[in-house]
Amino acid sequence: MSKILIAFSTGPDSVYLYHYLKRENNELGLCYVNHNLRNDVDKDIEFVKEFSDREKVPYYIMDLNLEKFNENSAREKRYEALEKCRIENGYTYIATGHNMNDNVETVIFRLLRGTGLDGLKGIPKKRGHIIRPILGISKEEILEYLKVNNISYRIDYTNLTNDYSRNIIRNKMMPIMKEINEGYLDNISRFITLLNEDNEVKRYIKKTLDEKNIKYSKNKIDEIYDIRDKNGAIISLDKEYIWYKSYNFYGIKKRETKKSFRYILKLNEDINVNGYSIYFSNFSDKKNQLEKMGYKIYNILNVDLLEIRNRKDGDYIDNIKLKKLFIDKKIDKYTRDLLPLVLANDEIILVADIRHSKKISGIATKDQNYIAIKKGE
């Protein structure tokens, strides 16, 4: 639960915003900013008071004195008034009623004036103490909710005139866009979301590189960004590090030279290989102890010598190529070279703890040799 001051204009968006936040059990207050420009402001303030009394929430009226109306200066002064009210009354956040339509309208406005990619990211969901909880909800959804629930609100008649650029976009351009494609709002909103997600990825890339004190250029960031969906892709960073993308990893790894390994494991011996503990023994009381410790245990008949090595090109188990097995199991390419393969009589019987051959049993019985394997924590 948060203490939230709602920028309450009495219009449908701010009324809907109140009910939206009320459902989440937040502690709410209403702040009406009076620009002293409209003839029916008194009716707005009366609505605020009645709404506050009915909902039993505090309200605040902040007066502005604008010598001449200008959209930008009016917005700045409005936020200054809201911030002053927030601080004086101990609220954590200011919530505004910007919705999906407002966001699309803002992007169109910026496009017409000329903007770069940053301008196409739309209205931020959060900036400092300001939050916009209903940014992903369309005006149509808002009006439908208020209608179905018989919730009243006021209409600012100045929004219906075409005296300002944003009103022209809202009242003239957007209806034409809807005629061309009814899904235009969702399509542009989706574009805005994707652009913001892309920005989040690039911020993560820069932060990760900065943590390792790795120098980078814009082109390098773009290179790393471009492999975000390409499993197995590698970007060279410097002599020590690479950027690597796998099934479950997207980040920095140390450069590693593939190191082959091969060990011979005799009966009643054990070994640790790349984080795996492996026991090869005949039936004994230790088997019960290993089971309790989480080891996977398999019977091995007529074998008293095992080979443990890493993979080679063309390896397979039960006629299944390891390459296919690794792809199906989404095993990272780096991890594949570290996995211990267990061979009996030159045939792979275990791929670490991932798969065992059909030729060995998962039930170890008395008087039979067994192999026990477990990956470390």
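Author: Buried means under 20% relative accessible area, exposed means over 50%, and partly exposed is in between (1.4 Å probe, protein chains only). This is a predicted model, where local features need pLDDT of at least 70 and side-chain atom pairs count only at pLDDT 80 or more, while totals for chains, interfaces and linings use all residues. Residues are numbered from 1 along each chain as its sequence is written, and side-chain values use heavy atoms, with hydrogens and water left out.

Reader: What is the phi of Lys-330?

Author: Phi of Lys-330 is near 55°, again positive in a residue other than glycine. Lys-330 sits in the loop between helix H10 (322-328) and H11.

Reader: Now the whole chain. How many helices and strands does the chain have?

Author: There are 11 helices and 20 strands in the chain. The C-alpha trace spans about 100 × 45 × 40 Å along its principal axes.

Reader: What percentage of the 377 residues count as buried?

Author: Of the 377 residues, 43% count as buried. Asn-299 is a buried case, because its relative accessible area is 6%. Asn-299 belongs to strand S13 (residues 296-300).

Reader: Next, charges. How many salt bridges are there?

Author: A salt bridge is a side-chain nitrogen of Lys or Arg within 4 Å of a carboxyl oxygen of Asp or Glu. By this rule the count is 18. Take Lys-202 and Asp-222, whose side chains meet in a salt bridge at 3.2 Å, N to O. Lys-202 lies in helix H7 (residues 184-211) and Asp-222 in helix H8 (residues 218-226), so the pair ties together parts that are 20 residues apart in sequence. Lys-202 is partly exposed, because its relative accessible area is 26%.

Reader: Which parts of the chain do Glu-240 and Lys-254 link?

Author: First the contact. The side chains of Glu-240 and Lys-254 meet in a salt bridge at 3.5 Å, N to O. The pair links distant parts of the chain, 14 residues apart: Glu-240 is in the loop between strand S7 (234-236) and strand S8 (241-245), and Lys-254 is in strand S9 (residues 250-254). Glu-240 is partly exposed at 37% relative accessibility. Lys-254 is partly exposed at 48%.

Reader: Which distance, N to O, goes with the salt bridge of Arg-311 and Asp-337?

Author: For Arg-311 and Asp-337 the distance is 2.8 Å, N to O. Arg-311 lies in the loop between strand S14 (305-309) and strand S15 (316-317), and Asp-337 in the loop between helix H11 (333-336) and strand S17 (341-344), so the pair ties together parts that are 26 residues apart in sequence. Arg-311 is partly exposed, with a relative accessible area of 22%. Asp-337 counts as buried at 16% relative accessibility. There is also a network: salt bridges that share partners join Arg-262, Glu-307, Arg-309 and Asp-315.

Reader: Last, the surface. Which residues form the nonpolar patch?

Author: Patches are made of residues with over 30% relative accessible area and no salt bridge; like charges are joined within 9 Å, and nonpolar side chains (Val, Leu, Ile, Met, Phe, Trp, Tyr) within 5 Å. Accessible areas come from the Shrake-Rupley method with a 1.4 Å probe, and for residues only the protein chains shown count as cover. Leu-143, Tyr-153 and Ile-155 form the nonpolar patch, with about 240 Å² of accessible area together. Leu-143 is in helix H5 (residues 139-148). It is partly exposed, at 34% relative accessibility.

Reader: Which residues gather in the patch of negative charge?

Author: Lys and Arg count as positive and Asp and Glu as negative, while His and the chain ends are not counted. The place of a charge is NZ of Lys, CZ of Arg, CG of Asp or CD of Glu. Asp-42, Glu-46, Glu-50 and Asp-53 gather in the negative patch on the surface. Asp-42 lies in helix H2 (residues 41-55). Asp-42 is exposed, because its relative accessible area is 62%.

How values were computed:
Helix = DSSP H or I, 4+ residues; strand = E, 2+ residues; numbered from the N terminus.
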